[in-house]
Amino acid sequence: MRILLAEDDPMLGDGLRAGLRQLGFQVDWVRDGMAAERELLTGGYTAAVLDLGLPLKDGLHVLQALRARKNTTPVLVLTARDAVPDRIRGLDMGADDYVVKPVDLHELGARLRSLVRRSHGHVHDILRCGSVLLDPSARLVSMDGEPVLLSTREFDLLHALMLNAGRVLSREQLEQQLYSWGYEVESNAIEVHIHHLRRKLRADVIQTVRGVGYTLLRSREPA
Amino acid sequence: MKLERSQSLQAHLLSLVLGLLTLVWLGAALMTWSDTRHEVDELLDGHLAQAAALLLVQQTRADADDVVDAPSPHKYAPDVTFQVFHNGQLTTRSANAQTSPLSSERTGFATVILLDGGEWRVFGMRDDENDVQVFVGEQTESRDEIVWGVIRNILVPLMFALPLLALLLWWAVRQGLAPLRQLSQVLGQRQAQALEPVVLDKVPTEMQPLVESLNALFERIAKMLAFERRFTADAAHELRTPIAAIRAQAQVALGAGTDAAQREHALQSTLIGCDRATRLVLQLLTLARLEETPAISSASVDLSALAQRVAADLAPTALAHQQSLELEATSPCAVTGDELLLGVLLRNLIDNALRYSPDGARVCVCVATESGQAVLRVEDSGPGMTEQEMAHLGERFYRVLGHTQPGSGLGWSIIKRIVDVFSAQVQVSRAPLLGGLAVTVRWPATT
């Protein structure tokens, strides 16, 4: 899951980025409101952690601008403003969650996963597709009850496909979801990961839509 | 007249007015008494003299010891007496008259005590040609009765009028004090936190200043409270971020696993975060103390010597970052102010310059006297500030964008506050020599 972190405090930003990476998130970090808005409108992030007291453009205004442009990226507002009117305003302006500093990293991770799950219309934490189960918090995958060992990238790729089960994701979209800034993405990286996934799971789990991208067929069982 | 704290204004006014009224009335009675007394004396003395003259004219001659049993035509008659002497012999007297002469004064008025023990006013008159001596006397008691009668006529109505007046005055004063009562009622019914202005239906002219200054006070307090509230909120806000950073870094260190470099970095950051939170708390405390007490001191402090001490304290920090800290303070420069406060000012100015300048930068502290004014200037070769940033400076918790150094903007608030206490002027500009930021503090010229 690729997260945009908008936080102007150098030390907190550094800590959150490192901590969220430890939890398996891909994190890009911006330090002002203008950059946050620009990245969120173009970047294809799974979710965003937004500080409110950002320089250049206040977090709430960024949120407002996003929602005005029909951008539905789940946004978790992380702020030191804890007054009830502030929280209400934040949620009313389109925040999906509101967390007051200081926050536990694991809680932040759980809230982000929950945001992403809900934004994709899933109710349960554990995703299911046919006989494949994926537990985002434990980062475990199993098939037919047997655990399957996946690399970080493979897990993230499967996670993205399962979250969007029934929809076709292009290679570019998948790359955006998988890689934070600063990674040289090789042109065939996604194909390689798909190949490995098919080998580790079953060949027919992931479908290729030629010239468009990849998809997972939605399971008939209730999600 | 001092008003006791617990005494009611109404009772005070009432007793004052009633007391003064009684005093004036009694004064009038006293004057009337003395006036009446004088008039009555004159009148009755005139009558005595007249009576004596009549007697003298009528007494051509008479037999010895001729007691005239004079009829009592008036209730005052027994109080009147007379004697007539012929050739030294008592010839005629009233029934109540003694045989010896009424007075030793042969002519004119005299006040004597007679044998019956009463006080009498006696008038003597003589006719030397026929050797006739006449005394006419009148008891003074009857005069007193007349005077007292008049005084009674004045005092008795007062007895009845006073309670009635007291009642009427009580009502009148109560009516007069109604606006005050309304004000105290309005104030009494307010919530402790209510700071909106007092609005009364009709405010008398005398109470206008009271209500106005009361409302002004409420406004000031409301402003102060709002300021305090904002400050507390801002301070809490500002403290949360470093604590959140410490927490995040500590969790990163815990979750680093085999990544020793990451753990090391996270732990270092945790320590730096603690230092930062400590500095913030210290700054908040300094600011709170500054706002509590203006700390006015009239001691004379040598700015040059103080700058030297503070610069010496901060030099190790500068050297650690390969920054050069220079002091230009050749001659003593006396300013009025508290030494401790001046030290805080200098420390904050120099500390800010060092903190916001990169490694290897130059910071110059200059103390001088320019046209009678003591001037302190701290310049650095750092990145400086744009006009816009300079305008924002002084807003609490304003931070310059993109600074790697965490700050809260509180240092500047402290500087502003201290400069205000000294009634000095502070100015931020581009450093003419070093190219970074220059902060100039100018003390008022000493006369």
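The model is predicted, with local features requiring pLDDT of at least 70 and side-chain atom pairs counted only at pLDDT 80 or more, while totals for chains, interfaces and linings use all residues. Residues are numbered from 1 along each chain as its sequence is written, and chains are lettered from A in the order in which they are written.

Next, select A:Ile3, A:Ala48, A:Leu50 and A:Leu76, which have the most contacts inside the largest nonpolar core, a set of 69 residues. Such a core joins buried Ala, Val, Leu, Ile, Met, Phe, Trp, Tyr and Cys residues through C-beta atoms within 7 Å, where buried requires 20 or more other C-beta atoms within 10 Å, exposed 12 or fewer, and partly exposed a count in between. Around A:Leu50, leaving out residues up to four places away in sequence, the residues touched include A:Ala6, A:Val62 and A:Leu78.

Then move to chain B and select B:Ala311 in helix α6 (residues 303-320) of chain B, a residue that counts as partly exposed because it has 19 C-beta neighbours inside 10 Å. B:Glu326 is 15 residues from B:Ala311 in sequence, and their C-alpha atoms are 8.2 Å apart. Beyond four places in sequence, B:Ala311 touches B:Leu325, B:Leu327, B:Ile350 and B:Val365.

Technical notes: Contact = placed C-beta atoms within 7 Å. Helix = DSSP H or I, 4+ residues; strand = E, 2+ residues; numbered from the N terminus.
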